[in-house]
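Please keep the sequence and the structure side by side as you read.

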Amino acid sequence: MAENRKVPKRIAQAVINSLKGGVVPRIGLPYITVGRRAEIEALLHDVDIIAEGGASFRFIVGRYGSGKSFLIQTIRNYVMDRGFIVADADLSPERRLHGTRGQGLATYRELIGNLSTKTKPEGGALTLILDRWISAVQNEAIQESGLLPGDAALAELTDKKIYAVTASVSELVHGFEFARLLSAYYRAYLAGDDAVKAKVVRWFRGEYTLKREAKEEQGVNIIITDDDWYDYLKLFAVFFRLAGYRGMMIMIDELVNIYKIPNAITRQYNYEKMLTMYNDTLQGKAKYLGIIMGATPQAVEDKRRGVYSYEALRSRLAEGKFSRPGTRDMLAPVIRLEPLTAEEMLILCEKLSEMHAALYGYPRALTTEELALFIRIEYERVGADLNITPREVIRDFIELLDLLYQHPAVRVAELLASDEFSYAKSEAVADDADANYAEFTL
């Protein structure tokens, strides 16, 4: 039996609605997490290394609906709870790692716009982080000195602590200008000048497009560009550590959008940027920084257009001779998701059944035998061993729960044995296979 844990209704509603819509919920994941123990432990080992000043880079590879995004969100919630800053973004035709029309900068802006902390998990936390940093330094100065607010000596001590942080940052690549802007934000904070604070935040978000404008408004002669945006993420990681957080975790999903780029040279530039990020983390050029990227197997392994088409990456990431399904190396840079077992799916469906019943206020209608029947039928479909994914099973199951709730007279066996269910499921598997073929033979 699944562990009986009372789920708040607002969380249960978000989880049920998200899963029925085929997307990963942002909240409530601990209530429904099953399996993936080896993968989670491997990623959490990385988290410990990052907190000690190291860096990590991982690819999470799985088919659409296999639980890739779910695993990324699970780690996202975990690291936020433990004092990390998290930034996440999905790549798209407008957001890439590199581009000639601002696509790389667009990814940076998305990441900075989605900065999240435990107290602000929905994103947009940059201003909050800066303000809390200054407030924390002021409080630390008061505790150390015993001086009262308004005392000139206290202000001087606070200044020294602020400038100690900015001096540490200024030693890094592009750090001098970054530190100047941190100081400008601090001065504006003290003066209560919200206009200047907003301008500094605008620069940090990469929203200046002209150096002249940045020079006039900020006194710095550089702006964040497509070529150097990743350098500023490394700066932020160090600053966040100095500001009292444990580190920074960057999560970039939908690498398939690089795979889909029609121009081979453009794809190669994107893979070159990826290689730079990978090498930095492994060679110690980045600190307090973790990077997780989500991709489909084709987007990674296709030697014509995928990540493996870039030989420098393929030679670093290709699976070794001894790794195989069931015995994967979880310490390797690429984590390939194994399908959830029928037993794990049974446990997940049991959790969802209890959550659904509590949400709508009815006694749980499905017995363990009926749950097992549902799972058996799902996994006995033709081609299920290759095509079925957790997303498909979960969506079917929530639809089943909704129907049973709305039509109490209907029996479970009737719905599961219906020709419509069998036909729809078989058709869905076929359509999924066709879609994958069309998707990756462009």
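A crossing is left-handed if the near helix is turned anticlockwise from the far one by less than a right angle, and right-handed if clockwise. This is a predicted model, in which local features need pLDDT of at least 70 and side-chain atom pairs count only at pLDDT 80 or more, while totals for chains, interfaces and linings use all residues. Residues are numbered from 1 along each chain as its sequence is written, and side-chain values use heavy atoms, leaving out hydrogens and water.

**Helix pairs**
- Helix 8 (residues 194-204) passes helix 9 (residues 211-218) in a left-handed crossing; helices (H or I, at least four residues) and strands (E, at least two) are DSSP runs numbered from the N terminus.
- Helix 8 and helix 9 pack at about 150°, with axes 11 Å apart; axes are lines fitted to C-alpha atoms over the stretch in contact, and angles run from 0 to 180 degrees between N-to-C directions.
- K199, V200, R202 and W203 of helix 8 touch E213, A214, E217 and Q218 of helix 9, where contact means heavy atoms within 4.5 Å.
- Helix 15 (residues 342-360) and helix 18 pack at about 35°, with axes 10 Å apart, and their crossing is right-handed.
- Among the residues that meet here are M345, L348 and H356 in helix 15 and F397, D402 and Y405 in helix 18.

**The largest pocket**
- The largest pocket has a volume of about 740 Å³, which is the space filled by probe spheres set on grid points joined across faces, edges and corners.
- A pocket is an open set of points on a 1 Å grid over the protein atoms alone, where a 1.4 Å probe fits, with protein on both sides within 12 Å along at least five of seven lines; lining residues have an atom within 4 Å of a point.
- Of its 36 lining residues, V23, V24, K68, S69 and F70 lie nearest the centre.
- Helix 3 gives the most to the lining, with seven residues.

**Confidence**
- The chain has a mean pLDDT (the predictor's confidence in each residue, from 0 to 100) of 86, and 89% of its residues reach 70 or more.
- Confidence is lowest in helix 20 (residues 419-439), at a mean of 43, and highest in helix 4 (residues 103-113), at 97.
- Where pLDDT is low, the predicted coordinates should not be read in detail.
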